[in-house]
Amino acid sequence: GFPLLRNYLSACDDLMAETAPELLQHFASEGVELSMYLQQWFLTLFIDCLPLPMVMAIWDAIICEGLPVALKVVVTILTSLKEP
């Protein structure tokens, strides 16, 4: 089940490889796969991991620009949490 979810997980892997390959490599070296947490993020559209005002802004963007915005949100979250 969930073919769209699988597509988005794969697209997120590709986007991370393109925009933040060192971060993706770090996750791999730690044995962390993006799907470990991205499934929940995508299925709940971030309601369980971000403050409600931020979630509402993300939902507005998804409604206005389309679901692929969620991929950009994931990359932004992960890269902003990266240690300098």
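Rings of Phe, Tyr and Trp, the last represented by its six-membered ring, are taken to pair if their centres lie within 6.5 Å, with planes under 30 degrees apart counted as stacked, over 60 as edge-to-face and the rest as tilted. The structure is a predicted model, in which local features need pLDDT of at least 70 and side-chain atom pairs count only at pLDDT 80 or more, whereas totals for chains, interfaces and linings use all residues. Residues are numbered from 1 along each chain as its sequence is written, and side-chain values use heavy atoms, with hydrogens and water left out.

A search of the whole structure under the ring criterion finds 4 aromatic pairs. In one of these, the ring centres of Y8 and F42 lie 6.0 Å apart and the planes stand at 75 degrees, so the pair is classed as edge-to-face. This pair links distant parts of the chain, since Y8 belongs to helix α1 and F42 to helix α3 (residues 35–44), 34 residues apart; helices (H or I, at least four residues) are DSSP runs numbered from the N terminus. Y8 counts as buried at 14% relative accessibility, and F42 is likewise buried, with a relative accessible area of 10%, where buried means under 20% relative accessible area, exposed over 50% and partly exposed in between (1.4 Å probe, protein chains only). Ring pairs also link F27, Y37, W41 and F46 into a cluster.

The contact (heavy atoms within 4.5 Å) is made by L5, Y8, L9 and C12 of α1 and by S35, L38, Q39, F42 and L43 of α3.

Helix α1 (residues 3–19) also packs against helix α5 (residues 69–80), at an angle of about 50 degrees and with the axes 10 Å apart. That angle makes α1 oblique to α5. On the α1 side, Y8, A11, C12, L15, M16 and T19 take part, and these residues meet L71, K72, V74, V75 and L78 in α5.

Methods: Axes fitted to C-alpha atoms, helices over the stretch in contact; angles between N-to-C directions. Helix = DSSP H or I, 4+ residues; strand = E, 2+ residues; numbered from the N terminus. Parallel < 35°, antiparallel > 145°, perpendicular 65-115°, else oblique.
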